[in-house]
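Have a look at the model first.

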Amino acid sequence: KVQKKIGLKVNIIEWVAPTSVRFKLKGISENLEGSGYFQAEKITSERTNVTGCLSISAGGMMAPMINSVLKSVVPKTTIEFTESVANRLMKEQAVSK
């Protein structure tokens, strides 16, 4: 299993507090671009459903190979990323109470 940590610059293009955020991504040291969003839906006063979407692709000479790898990696990464953001939001909400 080969893993590589990458840095991405996140540019928020729309923020509709507290329910949604849309963003664009750009690789800091890699030729990568993408976009995504998070959508929060209140289920009850104690439960919120968070949906995340992430699309990312590579450019340049290595793009065909990298993009084929990204097809299998991005879905799992999107789930982990969405869960991470949701957990962070829950911690910040608990602190602000």
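**Salt bridges and their exposure**

1. Let me start with Lys26, which is partly exposed at 44% relative accessible area; buried means under 20%, exposed over 50%, and partly exposed in between (1.4 Å probe, protein chains only). Its salt-bridge partner is Glu33, and the closest N and O atoms sit 3.2 Å apart. Glu33 is partly exposed too, with a relative accessible area of 46%.

2. Before going on, the ground rules: this is a predicted model, where local features need pLDDT of at least 70, side-chain atom pairs count only at pLDDT 80 or more, and totals for chains, interfaces and linings use all residues. Side-chain values use heavy atoms, with hydrogens and water left out, and residues are numbered from 1 along each chain as its sequence is written.

3. How many salt bridges turn up in a search of the whole structure? Three, taking a salt bridge as a side-chain nitrogen of Lys or Arg within 4 Å of a carboxyl oxygen of Asp or Glu.

4. Another of them links Glu14 and Arg22, with 2.9 Å between the closest N and O atoms. Glu14 comes out at 34% relative accessibility, so it counts as partly exposed. Arg22, at 41%, is also partly exposed.

5. Then there's Glu80 with Lys76, whose closest N and O atoms are 3.1 Å apart. Both residues lie in helix 1 (residues 63–96), four residues apart, or about one turn of the helix; helices here are DSSP runs (H or I, at least four residues), numbered from the N terminus. Lys76 is exposed at 52% relative accessible area, whereas Glu80 is partly exposed at 41%.

Key
Helices (H or I, at least four residues) and strands (E, at least two) are DSSP runs, numbered from the N terminus.
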